[in-house]
Amino acid sequence: MKTRFFFTLLILLNIFHIHAQPSTVQNTKTDKKLTAKIQEAIKGFRGDVGVYVHNLKTNKIVEINADTLFPTASMIKVPIQCGLFDKIAQGELRYNSILTYKDSLHYDDGIVGSLKDGAKIPLSEVVMLMETVSDNTGSLWCQALAGGGKSINEWLDKNGFTATRMNSRTPGREANRTRYGWGQTSPREMAELIAMIRRGRAISPDASDRMYRNLCRQYWDGEGLSQLPPDIKTACKNGAVNRSRSEAVLVHAPHGEYVYCIITKNNIDESWTSKNEGYTLLRTIGKLLWNYYEPNSKWQPPVNFEKWYQEAVE
């Protein structure tokens with residue numbers, strides 16, 4: 001009887017473990033060759049680096065500090081979008097509803113923060129600005145409409161994401177905010193969240209489709225995206241604060257889609273130019289991955305591509 005009880009308990013615990021993990025991370029194998037190449041690329045970086053790569057066709061992965069906690073910076077806007085779409089799916093919001101901007105919402109002088117008090121704007125446009133140009137005032141507005149950090153964190157937990165959390169303006173997470181800022185995540189979870197959306201498994205297939213399309217219109221394309229041919233479709237969200245630079249990208253490569261996330265923290269170089277060590281690392285690994293998965297590609301970034309770099313402080 002005891003043996004049967006413990007066997008049953010073991011099965012239940014195993015089922016819970018599977019349920020508690022994002023569905024995209026099962027049955028993966030380590031790509032040792034690619035891992036060695038990336039380890040060589042990050043050698044000497046003056047800061048802490050986490051990398052996670054998942055080839056969605058072969059199911060091979062790279063894990064380098066993949067489960068370590070890092071600041072999200074603006075990558076937190078991917079979970080915000082998920083929390084918002086969850087409210088839409090529940091009928092509490094309408095994606096095409098018309099919102100009224102109030103000066104009390106102002107956070108910075110981005111596009112949304114520059115609106116006049118009383119200005120009308122569709123929710124869909126605020127979401128687009130949040131994901132495309134990383135508008136901070138619009139993002140905080142969406143965060144509030146999604147029910148705040150507590151509601152977003154509940155959605156993350158329910159869907160198996162245990163490392164990714166909203167900290168800013170979230171009761172009980174003040175200490176985490178002091179350490180990580182607006183949000184925290186791991187390279188594995190941020191990459192797999194985008195893969196989950198790509199596979200139609202976030203909220204619903206139709207909600208995932210809309211969210212994914214929003215992630216495919218990235219304005220800040222001077223890092224990893226600059227190392228890809230312009231005709232290759234990508235979904236991307238990046239983030240930057242003084243001592244952390246990050247990027248999560250899903251690439252629709254000819255030989256199979258792959259998703260990756262690179263995050264740094266405790267960076268020595270806090271500059272805000274294209275030559276920043278964190279930005280340089282994002283470009284280096286973005287190029288390495290493209291050449292690894294598409295070895296026959298002859299494409300190279302054009303000479304002087306750096307002069308079109310958009311510099312901004314988040």
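1. Helices (H or I, at least four residues) and strands (E, at least two) are taken as DSSP runs and are numbered from the N terminus. On that basis the chain has 10 helices and 11 strands. Its radius of gyration, taken over C-alpha atoms, is 20 Å, close to the 20 Å that the globule rule gives for 314 residues, so the chain is as compact as a globular protein of that length; the rule is 2.2 Å times the number of residues to the power 0.38. The C-alpha trace spans about 65 × 60 × 35 Å along its principal axes.

2. This is a predicted model, in which local features need pLDDT of at least 70 and side-chain atom pairs count only at pLDDT 80 or more, while totals for chains, interfaces and linings use all residues. Residues are numbered from 1 along each chain as its sequence is written, and side-chain values use heavy atoms, with hydrogens and water left out.

3. Of the 314 residues in the chain, 54% are buried, where buried means under 20% relative accessible area, exposed over 50%, and partly exposed in between (1.4 Å probe, protein chains only). Among contacts (heavy atoms within 4.5 Å) with a separation of 6 or more, 67% come from residues 24 or more positions apart.

4. The structure holds seven aromatic pairs, and rings of Phe, Tyr and Trp (its six-membered ring) are paired if their centres lie within 6.5 Å, with planes under 30 degrees apart counted as stacked, over 60 as edge-to-face and the rest as tilted. One of these is the tilted pair of Tyr-258 and Tyr-293, at 4.5 Å centre to centre and 40 degrees between the planes. Tyr-258 lies in strand 11 (residues 258-265) and Tyr-293 in helix 10 (residues 277-293), so the pair ties together parts that are 35 residues apart in sequence.

5. Tyr-293 also forms an edge-to-face pair with Tyr-292, with 5.4 Å centre to centre and 75 degrees between the planes. Ring pairs link Tyr-258, Tyr-260, Tyr-292 and Tyr-293 into a cluster.

6. Finally, Ser-246 lies in strand 10 (residues 244-251) and is buried, with a relative accessible area of 1%. Leaving aside residues up to four places away in sequence, Ser-246 touches Thr-72, Met-75, Asn-238, Gly-239, Ile-262, Ile-263 and Leu-282.
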